[in-house]
Amino acid sequence: MAKPLEKRQHELLGPSGRLADIRATIAETQAAIVALDAEEARYRARAVDITVPLDEARAARDAVREIDFDRERHRAWITAAEAKVAAIVADEGKAAKRASYDAAKAERDALAAELRDKWAPTLEAFAAFLARLEANAAQLPAINAARPNGAEALIDAEMLARGYGGNLCWRGASPVKRLVKMTIPRFAEPGDLWPVDRFHAAMAQAAEAEHKRLLATRAARSPEAVAARKAAEDARHGRFRVRVNRYPGTNVGPIPVRGGQRWLGAEEATLELDRARLTELATRFNLTITEAPPEVQRYRVSVGRDGYSGGLMTVAGPAQVGSRPIEVEMTEAQAEDARRAGRIVECLGPVAPAAEAAVPEPVAAAPAPAEVRGGVDIEALSKLSAKELLAAMGEP
């Protein structure tokens, strides 16, 4: 049994109302309003009919009011139902738009991924293939000019593969759009893969090479690199005494030394040479090459502030370090040993060249014998300090 109209109207305005049912009920309600209009006209005529008893006329009047109430409710429901129909249609339109949008976006993303992952690598491959086509076609005129007798002239690979004529037209006289004339853009940066922009390609290669050179120069100038090169140079070179075996009367050279070149005369010299080239240099320039002794410099040495580290120190020979500084000749290694022993060491620089031997002074006459008392030289004792005198007496 069908539900009354008013009950169905109430249910259809709820969340479970379907669009088709609402539209059908709107049509049904509009028909009900038309029926109420006809019924109202009949009751209204009876309410004002003078021949109708008063109580019946009043009943007809009340019926008109009821009909008017029902009609207004039907109209209000139609207004609400039409608003809901519009909302449902709008929601369905939004859903349809969202579904269309989502479908288009998903297809777009899939195409972009396919283009990037599958087809983009083929652009460079195809551009490289077109370069091969063009290079092969460029050499064919010379090949055809020198082809063997009876051999047919070679047409380029694109013409052979696509089957168009030598006049670059199809059979219907339509011009051929050649593949080697197409443009292939770079996929993710400005410029074209084909045709090759040789000028900009050369500029890009030059810029990349300059960038690499600057990076290499910056790395080579770093303190670590400079120290590493110096250490390598120090390990590769050594100090050697070099002498020309048979002096030809003119300087021998140029002999490659560390940091430059050197000409060598009759004198023996100390040079820094490449250890790996010693045999070559000795043979080439007729040299005698021996390991140079440690480089000797002059130093001023004194005891430490605590008075310790006095006594003998070994350099070229034993040297006594007392309360006064002494000047000695020794190597840097010996100087470092003295510093570690607590002595105060000051470098005075390289050893000065030996001076010419001085003319000996005339020998003076022997002095008169000193006064001796009881076997003791009185004059000698008078020159001793108190400390030396005690030592001479055997006192501690």
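## A tour from glutamate 40

Start by selecting glutamate 40. Setting aside neighbours within four places in sequence, glutamate 40 is in contact with Val64, Ile67 and Arg71 (contact: heavy atoms within 4.5 Å). This is a predicted model, in which local features need pLDDT of at least 70 and side-chain atom pairs count only at pLDDT 80 or more, while totals for chains, interfaces and linings use all residues. Residues are numbered from 1 along each chain as its sequence is written, and side-chain values use heavy atoms, with hydrogens and water left out.

Stop 1: Helices (H or I, at least four residues) and strands (E, at least two) are DSSP runs, numbered from the N terminus. Is glutamate 40 buried or exposed? Glutamate 40 is buried, at 11% relative accessible area. Buried means under 20%, exposed over 50%, and partly exposed in between (1.4 Å probe, protein chains only).

**Stop 2: arginine 42 and tyrosine 43.** Select this pair next. Arginine 42 lies over the face of tyrosine 43, 5.7 Å from the ring centre. For this, NZ of Lys or CZ of Arg must be within 6 Å of the ring centre and within 35 degrees of the ring normal.

**Stop 3: helices α1 and α2.** Show α1, residues 5–12, together with α2. Their axes come within 11 Å and cross at roughly 145 degrees. Axes are lines fitted to C-alpha atoms, for helices over the stretch in contact, with angles from 0 to 180 degrees between N-to-C directions. Leu5, Arg8, Gln9 and Leu12 in α1 meet residues of α2, among them Asp21, Thr25 and Ala32.

**Stop 4: histidine 74.** Move to helix α3 and pick histidine 74. This residue is buried, with 5% relative accessibility. Which residues does histidine 74 touch? Leaving out residues up to four places away in sequence, histidine 74 touches Leu5, Glu6, Gln9, Thr29, Ala32, Ile33 and Leu36.

**Stop 5: the aromatic pair.** The structure holds one aromatic pair. Phenylalanine 126 and phenylalanine 129 form it, stacked, with 6.2 Å from centre to centre and 25 degrees between the planes. Rings of Phe, Tyr and Trp (its six-membered ring) pair if their centres lie within 6.5 Å; planes under 30 degrees apart count as stacked, over 60 as edge-to-face and the rest as tilted. Both residues lie in helix α3 (residues 54–145), three residues apart, about one turn of the helix. Phenylalanine 126 is partly exposed at 31%, and phenylalanine 129 is partly exposed at 37%.

**Stop 6: two backbone spots.** Most residues other than glycine have a negative phi, and most peptide bonds are trans. Go to tryptophan 194 and proline 195. The peptide bond between them is cis, with omega near -5 degrees. Proline 195 is in the loop between β2 (192–194) and α5 (198–220). Then select asparagine 286. Its phi is positive, about 55 degrees, although asparagine 286 is not a glycine. Asparagine 286 is in the loop between α7 (278–285) and β7 (287–291), and counts as partly exposed at 36%.

**Last stop: the whole chain.** Zoom out. The chain has ten helices and 14 strands. Of its 396 residues, 20% count as buried.
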